Amino acid sequence: GLDRIKQEKTWQQSGRQKVYFTELTDVLRVYTEGVFGVNGMELPSSEILKEITPLLKDNKEALLLLKAVLNLADLVKFAKWTALPDECEASLKQAYQFVELTHKVSAEEQTQEEKIVKE
């Protein structure tokens with residue numbers, strides 16, 4: 001999950017940004033499926049955002065964080081964009097913030113989705 005990605009720092013390795021952003025967005029896609037029921041692994045980013053927007057109508061900050069991560073990831077993965085190291089680190093922080101803002105269960109009720117995100 002996010003902790004593993006943080007430790008590996010794949011974005012710092014030459015030519016590995018696409019791998020980094022794929023791993024980062026895959027974790028978020030699994031998370032959105034588990035928490036919101038949005039089939040993240042099957043949908044393009046634009047469809048994920050379209051489906052999740054009404055679910056986050058009271059949490060605009062979370063929506064903006066998810067949108068920022070997915071948009072930059074799509075640029076790197078599909079438009080051959082090279083993100084700056086600061087942008088890569090910011091995306092990871094935004095992913096953590098998104099999870100924190102949308103996490104719905106108490107610490108005692110840790111779900112399988114949360115374990116996947118953190119490992």
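Biologist: How many helices and how many strands does the chain have, and what makes a stretch count as one or the other?

Modeller: The secondary structure comes to 6 helices and 0 strands. Here helices (H or I, at least four residues) and strands (E, at least two) are DSSP runs, numbered from the N terminus. In order from the N terminus, the elements read α-α-α-α-α-α. Before we go on, this is a predicted model, where local features need pLDDT of at least 70 and side-chain atom pairs count only at pLDDT 80 or more, while totals for chains, interfaces and linings use all residues. Residues are numbered from 1 along each chain as its sequence is written, and side-chain values use heavy atoms, with hydrogens and water left out.

Biologist: Why does Thr32 count as buried?

Modeller: Its relative accessibility is 1%, and the cut-off is under 20%, so Thr32 is buried. Thr32 lies in helix H2. Leaving out residues up to four places away in sequence, Thr32 touches Gly37, Val38, Gly40, Ile52, Leu66 and Phe98. Contact here means heavy atoms within 4.5 Å.

Biologist: Lys9 and Lys80 next. What makes each of them buried, partly exposed or exposed?

Modeller: Lys9 has 38% relative accessibility, which falls between the two cut-offs, so Lys9 is partly exposed. Lys80 has 75%, which is over 50%, so Lys80 is exposed. Lys9 is found in the loop between helix H1 (2-8) and H2, and Lys80 in the loop between H4 and H5. Phi of Lys9 is near 50°, a positive value in a residue other than glycine. Lys80 also has a positive phi, near 55°.

Biologist: How do H2 and H4 pack, and what makes their crossing left-handed or right-handed?

Modeller: Helix H2 (residues 17-36) and helix H4 (residues 60-78) have axes 9 Å apart and pack at an angle of about 145°. Axes are lines fitted to C-alpha atoms, for helices over the stretch in contact, and angles run from 0 to 180 degrees between N-to-C directions. The crossing is left-handed. A crossing gets that name if the near helix is turned anticlockwise from the far one by less than a right angle, and is right-handed if clockwise. By class, the contact has 9 nonpolar, 4 polar and 2 charged residues. For these classes, Ala, Val, Leu, Ile, Met, Phe, Trp, Tyr, Cys and Pro count as nonpolar, Asp, Glu, Lys and Arg as charged, and the others, Gly among them, as polar.

Biologist: What about H4 and H5: how do their axes cross?

Modeller: The axes come within 9 Å and cross at roughly 145°. H4 passes H5 in a left-handed crossing. Among the residues in this contact are Leu65 and Val69 of H4, and Ala95 and Phe98 of H5.

Biologist: What covers the buried residues of H4?

Modeller: The cover includes H2, helix H3 (45-52) and H5. Among the buried residues of H4 are Leu66, Val69 and Ala73.

Biologist: What share of the whole chain counts as buried?

Modeller: Of its 119 residues, 39% count as buried.

Methods: Buried < 20%, exposed > 50% of the residue type's maximum accessible area, 1.4 Å probe, protein only.
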